[in-house]
Amino acid sequence: MEETIIPVTTILMPLVLVPTIITLKHRQKKREWEHLERMRELELHLPRSSRGESLGPRSVVAIGAGVPTASVLGAFLTCVGGPPSVEGVPLAAIAWGSAALISLGAMLTSLILALLVARSRDRVEAGSLLDQAKPVYDPDALDVVGSRG
């Protein structure tokens with residue numbers, strides 16, 4: 001059995017490596033294209049186009065609700081299928097104590113992220129109000145018929 005592990009692992013490694021490398025290259029190219037697009041918008045003085053943010057309310061909810069749910073589920077499965085104690089310490093105390101610490105950390109992290117997202121959205125909205133103001137123009141660039149003489 002041990003003689004077949006290395007060849008099987010060697011054969012299966014491209015199944016993990018190739019999609020990972022292709023995904024990373026695509027993400028890097030996408031970031032590069034977005035950067036070039038944003039630079040072109042700045043050159044042409046165009047308003048900022050709306051794009052999905054990487055950190056938004058959905059990811060904050062996923063951290064705040066998903067992590068505690070998973071830790072409580074893990075503690076429950078540990079208590080149901082595990083031995084009653086480990087070296088004299090009840091397994092339920094270890095599992096539920098760890099789940100409580102993980103849940104508390106996830107909820108605090110999601111609270112901090114929610115505050116940061118709310119602050120950044122306030123700044124973006126304040127900046128977009130300034131973008132809608134009347135653009136500055138050069139009076140010499142206008143050709144007024146009455147000034148031709």
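What percentage of the 149 residues of the protein chain count as buried? In this predicted model, 9% of them do, where buried means under 20% relative accessible area with a 1.4 Å probe, counting protein chains only. Local features here need pLDDT of at least 70, side-chain atom pairs count only at pLDDT 80 or more, and totals for chains, interfaces and linings use all residues. Residues are numbered from 1 along each chain as its sequence is written, and side-chain values use heavy atoms, with hydrogens and water left out.

**Overall build**
- The protein chain has three helices and two strands, which follow the order α-α-β-β-α from the N terminus; helices (H or I, at least four residues) and strands (E, at least two) are DSSP runs, numbered from the N terminus.
- The protein chain exposes about 12600 Å², of which carbon and sulfur atoms supply 68%, with areas taken from the Shrake-Rupley method with a 1.4 Å probe.

**Helix 1**
- Helix 1 covers residues 2-43, and its 42 residues should span 62 Å at 1.5 Å a residue, which agrees with the 62 Å between its end C-alpha atoms; the expected span is 1.5 Å times one less than the number of residues.
- Just after helix 1, His45 takes a positive phi of about 55 degrees.

- Leu77 lies in helix 2 and is exposed, with a relative accessible area of 52%, exposed meaning over 50%.
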